[in-house]
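Take a look at the sequence and the 3D view, and then we can go through the parts together.

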Amino acid sequence: MDRYTIISADCHAGADLLDYREYLDPGFRDEFDGWAKTYVNPFGDLTEPDAERSWNSERRNADLDAEGVAGEIIYPNTVPPFFPSGSLAAPPPENVREVELRWAGLRAHNRWLSDFCSRAPERRAGVGQILLEDLDEAVAEVARIAELGLRGGVLLPGVAPGAAIPQLYAEHWAPLWAACAEAGVVVNHHGGTAGPTPTDGWGSSFAVWVYETHWYAHRALWHLIFSGALDRHPDLTVVFTEQGAGWIPATLDSLDVAAARYARPGSAISRFAGPTAGSLSLQPSQYWSRQCYVGASFMRPVECAERHAIGVEKIMWGSDYPHYEGTGRYTREALRHTFAGVPPAEVAAMLGGNAAAVYGFNLAALAPLTERIGPTVAEVAEPLVDLPADASSTVFEPDPIRTW
């Protein structure tokens with residue numbers, strides 16, 4: 001092995017707003033025309049010339065080539081039709097008609113994404129979107145996502161506390177887990193979802209939201225474990241992306257302790273835990289080992305130091321292209337900063353091998369591209385002495401906090 005095949009487990013893309021029109025069901029296009037005329041995009045970076053990185057296939061491939069990234073798992077980025085903002089953190093719909101319109105928008109995005117991935121099928125795995133406000137439609141869309149060839153799988157939205165729909169641990173969602181298992185799709189849970197919506201824009205509540213947003217995304221792990229969803233569907237694969245990686249060892253330890261207490265006959269806490277959490281066939285850490293992975297976006301050195309406690313085979317590095325907090329123009333430097341001194345076999349697994357196995361990339365098909373663009377083993381092994389002064393990625397920030 002002279003070069004690493006890099007597959008970013010966290011990239012983002014979406015159509016330019018008006019380009020979604022042709023992917024909408026025809027009955028929604030007139031309403032879309034009226035909505036689009038008055039829509040004001042809330043994201044400044046999506047109004048700049050570089051916004052085309054989300055949908056310009058040639059520009060995107062050229063950028064990723066320069067970074068040494070051969071493959072990518074693609075999450076949403078732009079605003080789908082009829083959404084007030086990007087779908088990852090949009091406030092919940094307020095009425096039945098809004099649910100119907102948002103479903104039309106997500107189906108349009110999934111069709112667009114399928115076409116976008118087909119332009120570079122060997123290097124793109126798109127993640128399809130669903131809406132949880134209509135369970136029957138969500139189950140049906142899982143099957144459509146598989147039919148569209150979106151081998152990135154399904155993006156599982158979070159459920160904020162106090163939402164009008166059940167939490168992810170509820171029995172209500174059993175048909176969804178069964179549908180995902182039957183279709184053989186990966187279930188992806190991305191950071192930035194599941195928390196309460198900030199109430200004063202960019203004021204203090206947004207600072208609190210940023211601080212807490214990872215934790216709210218983490219909740220899906222114990223929801224899926226203690227609900228018995230992972231126990232009932234041992235072939236279901238779940239990926240937790242862009243929500244840090246250092247939190248995992250301590251969380252698994254805590255979950256194992258809790259599960260043991262729930263399962264102890266006659267213990268006081270077992271009376272409150274319920275029959276499902278008290279009768280799991282495995283420890284929570286064993287479900288992690290069997291079925292779960294982390295999309296370790298712009299992975300930091302302090303997280304890499306925890307790789308054996310997390311599981312080297314469970315870590316999939318991500319660049320977060322094209323976001324500012326991602327590794328961007330300094331991906332090669334970021335790799336040296338995090339992985340210098342790590343055994344090459346472990347680096348190869350975390351940078352691409354694990355993602356290839358989870359998402360079905362053909363490494364032989366990527367080999368010619370890797371030979372052209374992949375960073376060499378020697379390059380990544382060289383410690384980075386001087387950090388880039390103008391890099392915006394959080395990977396280069398001093399970080400005494402182990403959980404981020």
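Which residues in helix 4 meet which residues in helix 5? Before the reply, keep in mind that this is a predicted model. On the helix 4 side they are L135, A138, V139, V142 and A146, and on the helix 5 side P175, L176, A179, C180 and A183. Sorted by class, the residues of this contact are 10 nonpolar, with no polar and no charged ones.

**How the helices pack**

Two packed helices are described by the angle between their axes and the distance between the axes. For helix 4 and helix 5 (residues 174–183), the axes come within 9 Å and cross at roughly 10 degrees. Angles under 35 degrees count as roughly parallel, so helix 4 is roughly parallel to helix 5.

Helix 4 also has a contact with helix 3. The axes of helix 3 (residues 96–118) and helix 4 (residues 135–147) come within 11 Å, crossing at roughly 10 degrees. Because of that angle, helix 3 is roughly parallel to helix 4.

Strand 1 runs parallel to strand 2 (residues 71–76), and 5 bridges join the two. S8 has E72 in strand 2 as its bridge partner.

**Spaces inside**

How many cavities of 30 Å³ or more does a search of the whole structure find? The search gives 2.

| Space | Volume | Lining by class |
|---|---|---|
| Largest cavity | about 70 Å³ | 4 nonpolar, 3 polar, 4 charged residues |
| Second largest cavity | about 40 Å³ | 5 nonpolar, 4 polar, 1 charged residues |
| Second largest pocket | about 400 Å³ | 7 nonpolar, 8 polar, 10 charged residues |

The largest cavity is lined by D45, L46, E48, D50, A51, R53, S54, N77, P322, H323 and Y324. One of these, P322, has a backbone detail worth a look: the peptide bond from Y321 to P322 is cis, with omega near 0 degrees. You can find P322 in the loop between strand 8 and helix 13.

The second largest cavity has G158, V159, Q167, L168, H189, A194, Y216, R219, A220 and H223 in its lining. Helix 6 (residues 204–226) gives the most to that lining, with 4 residues. A194 is another lining residue, and it sits in the loop between strand 5 (187–190) and helix 6. What is the phi of A194? Its value is positive, about 85 degrees, although A194 is not a glycine.

On to the second largest pocket, with its space of about 400 Å³. It is lined by 25 residues, and those closest to its centre are R53, E67, T327, G328 and R329. R53 also lines the largest cavity. Helix 2 (57–67) and helix 13 (331–339) each supply at least two residues of the pocket lining. Helix 2 gives the most, with 4 residues.

Methods
Residues are numbered from 1 along each chain as its sequence is written. This is a predicted model: local features need pLDDT of at least 70, side-chain atom pairs count only at pLDDT 80 or more; totals for chains, interfaces and linings use all residues. Side-chain values use heavy atoms; hydrogens and water are left out. On a 1 Å grid over the protein atoms alone, a cavity is a set of points where a 1.4 Å probe fits but cannot get out, and a pocket is an open set with protein on both sides within 12 Å along at least five of seven lines; lining residues have an atom within 4 Å of a point. Grid points are joined across faces, edges and corners, and a volume is the space filled by probe spheres set on the points. Ala, Val, Leu, Ile, Met, Phe, Trp, Tyr, Cys and Pro count as nonpolar, Asp, Glu, Lys and Arg as charged, and the others, Gly among them, as polar. Axes are lines fitted to C-alpha atoms, for helices over the stretch in contact, and angles run from 0 to 180 degrees between N-to-C directions. Angles under 35 degrees count as roughly parallel, over 145 as roughly antiparallel, 65 to 115 as roughly perpendicular and the rest as oblique. Two strands pair if DSSP finds at least two bridges between them. Contact means heavy atoms within 4.5 Å.
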